[in-house]
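Thanks, everyone. I have one model to go through, so please look at the screen.

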Amino acid sequence: MPGGDNPKALIRYAVFCAAFAGATLFLLWRVSEALLLLFAGVVFAAFLDALTFLLGKSVNWPRGVRLIIVCGIIFVVVAACTAWGGTAIGTQGSELAATVREQINNGLAWLKQHGLKFPPDTVGDLTQMRDATPTLKSMLPDVGGLFGPAWTAIATLVAGLGDGMIIAFLGLFLAAQPLVYRDAILLIAPPDRQDCWRMVLEESGQALRHWILGQLITMTLIGLLVWLGLMLIGVGPAALLGLQAGLLAFVPTLGPLLAGTIIVVASLPFGIWALIGAAAIYVSVQTLESYVLTPMIQRRAVSVPPALLFSGQIVLGVLFGVYGLALATPLAAIIRIFFLRLYVERAPASKDVSALADPDERGRAS
């Protein structure tokens, strides 16, 4: 340690280390949202790479050609769904939002009649808010009031599209040349540990590929089962409710709870038996997902203890909202692999994960 037995030198060294650590943590905190967005791009790259790898099992074409085919299929599917179902989904979405809002207001009004007090705006009576004491803020022009809810919706849509474009392009660049970026990361590894780092990166890539494909399978099955179940008992719009249940399944813990709440509230106008049936269907689907689908599909991707995984979801969800909650599971899996291989074991991964890699990549790596 610098300074030897000199107390002043030791104090200066400790202060410098503390200041450096504090500055590093502050910098990471300032760019944490950007880093999380970049990790979302890495996850999307793993998705493209997984589909490219699966296509390679059917056709022996170059990897670049298979990646172009995968991207083309994804674009065609998204465009077709938008063109064919965009109008219907938009109409049903407006009706569903109106139904949910009406049922919530009815429930709050019923609670208010039975002695539970709410602010006037909670039950939708916006006119009673005008008697509030004027403030300086109320005298200034309100952008939301000037442009209406459409302005907020447009701003939210633009922000979401911007994040989506960043994730899509970053994922495409990473999937197009994965070895280039892997070798760039290996430059920061010690020369005698580069083989270990290479195997850790390959194992992490395999974990991401298994996780994202497992998530897509789980989301698809949940959406289909909810749609079929609600359609059989006559709760509409069943297709839209199934779609939102499948999409929200990507966000752990909070997503299924929100999807179930929307389904229960949307089934209220169809009677008590429809309400009971919708609740039973969704509970059954979530039980199937929690105890059958996820353990069976994700056992190769995520081996993080449940308590640690749940704690990570809570922390990232509080810090970064939906992004953090959605990406907590793959991030925890990657951190676990790095920690075990590089810190605990300090040896190359126990299994040859390169045998699972794309044949083209193995050839180029050798």
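This is a predicted model: local features need pLDDT of at least 70, side-chain atom pairs count only at pLDDT 80 or more; totals for chains, interfaces and linings use all residues.

Residues are numbered from 1 along each chain as its sequence is written, and side-chain values use heavy atoms, with hydrogens and water left out.

Start with helix H8, residues 194–233, and helix H9, residues 238–248; helices here are DSSP runs of H or I, at least four residues, numbered from the N terminus. Their axes come within 7 Å and cross at roughly 155°; axes are lines fitted to C-alpha atoms over the stretch in contact, with angles from 0 to 180 degrees between N-to-C directions. H8 and H9 are therefore roughly antiparallel, the word for angles over 145 degrees.
On the H8 side the contact (heavy atoms within 4.5 Å) includes Met219, Trp227 and Leu230, and on the H9 side Leu241, Gly242 and Leu247 are among the residues.

Now the largest pocket. A pocket is an open set of points on a 1 Å grid over the protein atoms alone, where a 1.4 Å probe fits, with protein on both sides within 12 Å along at least five of seven lines; lining residues have an atom within 4 Å of a point. Which residues lie nearest its centre? They are Phe44, Val78, Leu216, Met219 and Leu247, out of 46 lining residues. H3 gives the largest share of that lining, eleven residues, while H8 and H9 each supply at least two.

Key:
Angles under 35 degrees count as roughly parallel, over 145 as roughly antiparallel, 65 to 115 as roughly perpendicular and the rest as oblique.
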